[in-house]
Amino acid sequence: NCYEYLISRFASESGKKGGEFFTPPEVSELIARLVAPKPGDRICDPSCGSGSLLIKVAKEVHDAAGRPSDDFSLYGQEVNSGTYALCRMNLFLHGIDSARIEWGDTIKNPKLVEDERLMQFDVVVANPPFSLDKWGAENAGNDRFGRFQRGIPPKSKGDYAFLLHMVETAKAGSGRVGVVVPHGVLFRGASEGLIRKKLIEENLLDGVIGLPANLFFGTGIPAAIL
């Protein structure tokens, strides 16, 4: 708890977007319960920040007798070098030393790859930076992993870029995705509206949970969990 407080202070004083560093523990716990991780699961956060969300999901893994289980594997990627270092330290201080955390841009250069394909996970969670500008739209049409087959998000708002990446890295039929998004993701039109329609038509969306304003450091806008 002391370390999480220090991380949150660092986030609030940095002037950066909240999702880049720290997800409030109540939001992390809610997402962790929603995705219901099980023993043996591969768990990933493609914009892992300080690792707080990964740790919450890991703590939600229990065996058949209801006891905490360490039978899971954690993966993550973070673009900010300082935050990447914080994540590695955070995981170590929580007794998790086998996680694979990569440093780099998840959208432009995903590094969680095996056999030239995106790794597949049982659980994918994230609190990406809200409406990221210049996320790489100019190269999305030629994405070698085919992540944008449902459409290319606007170049000034990368919310659906992260969401589509998460969908493509979740195991078909059994993977669970939990992601924090700004409310605009629910109603903006143009290419985002077309992508949203396809996700609904494919029956990939189980639910939308509205969150109140002023939960996240660096922004006061309300958010939602998909």
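Predicted model: local features only at pLDDT ≥ 70, side-chain atom pairs only at ≥ 80, totals over all residues.
Reader: Let's start with the cysteines. How many disulfides does the structure hold?
Author: A disulfide needs two cysteine sulfur atoms within 2.5 Å. The sulfur of C44 has its closest cysteine sulfur in C48, 8.1 Å away, which is too far for a bond. For C87, the nearest cysteine sulfur is that of C48, at 3.9 Å, and C87 is in no disulfide either. The number of disulfides is 0.

Reader: And is C87 buried or exposed?
Author: The cut-off for buried is under 20% relative accessible area. C87 has a relative accessible area of 0%, and C44 comes in at 3%. So C87 is buried.

Reader: Moving on to S28, which residues does S28 touch, leaving out those up to four places away in sequence?
Author: S28 sits in helix α2, which covers residues 25-35. Its relative accessibility is 0%, so S28 counts as buried. With the sequence neighbours up to four places away left out, S28 touches T23, S52, L53 and K56.

Reader: What about pockets: which elements give two or more residues to the lining of the largest pocket?
Author: The largest pocket holds about 820 Å³ of space. Its lining has 33 residues, and G175, V177, L204, L205 and D206 lie nearest the centre. The elements that give two or more residues to that lining are α2, α6 (159-169), β7 (176-182) and α7 (190-201).

Reader: How many nonpolar residues are in that lining?
Author: Sorted by class, the lining of the largest pocket has 7 polar residues and 6 charged ones. The nonpolar count is 20.

Reader: You mentioned α6. Which elements do the buried residues of α6 pack against?
Author: Helix α6 is mostly covered, with 10 of its 11 residues buried. Among the buried ones are D159, Y160, F162, H165 and E168. The buried residues of α6 pack against β5 (117-118), β6, β7 and α7.

Reader: Now the aromatics. Is the pair of Y84 and W103 stacked or edge-to-face?
Author: The structure holds 3 aromatic pairs. In the one formed by Y84 and W103, the ring centres are 6.2 Å apart, with 25 degrees between the planes. Planes under 30 degrees apart count as stacked, so this pair of Y84 and W103 is stacked.

Reader: Where in the chain do Y84 and W103 lie?
Author: The pair links distant parts of the chain, 19 residues apart. At 46% relative accessibility, W103 counts as partly exposed. Y84 is in helix α4 (residues 81-93), and W103 is in strand β3 (residues 100-103).

Reader: Why does the pair of W135 and F148 count as tilted?
Author: Both W135 and F148 are buried. W135 lies in the loop between β6 (123-126) and α5 (137-140), and F148 in the loop between α5 and α6, so the pair ties together parts 13 residues apart in sequence. The ring centres are 5.6 Å apart, and the pair is tilted because the planes stand at 45 degrees.

Reader: One on the backbone: what is the phi of K134?
Author: K134 lies in the loop between β6 and α5. K134 is exposed, with a relative accessible area of 68%. Although K134 is not a glycine, its phi is positive, at about 55 degrees.

Reader: And where is N214 found?
Author: N214 is not a glycine, yet it has a positive phi of about 65 degrees. At 64% relative accessibility, N214 counts as exposed. N214 is found in the loop between β8 (209-211) and β9 (223-225).

Notes: Residues numbered from 1 in each chain as written. Heavy atoms only, no water. Helix = DSSP H or I, 4+ residues; strand = E, 2+ residues; numbered from the N terminus. Buried < 20%, exposed > 50% of the residue type's maximum accessible area, 1.4 Å probe, protein only. Contact = heavy atoms within 4.5 Å. 1 Å grid on protein atoms, 1.4 Å probe; cavity = no way out; pocket = protein on both sides within 12 Å on 5 of 7 lines; lining within 4 Å. Points joined across faces, edges and corners; volume = space filled by probe spheres on them. Nonpolar A, V, L, I, M, F, W, Y, C, P; charged D, E, K, R; others polar. Phe/Tyr/Trp six-rings, centres within 6.5 Å; stacked < 30°, edge-to-face > 60°.
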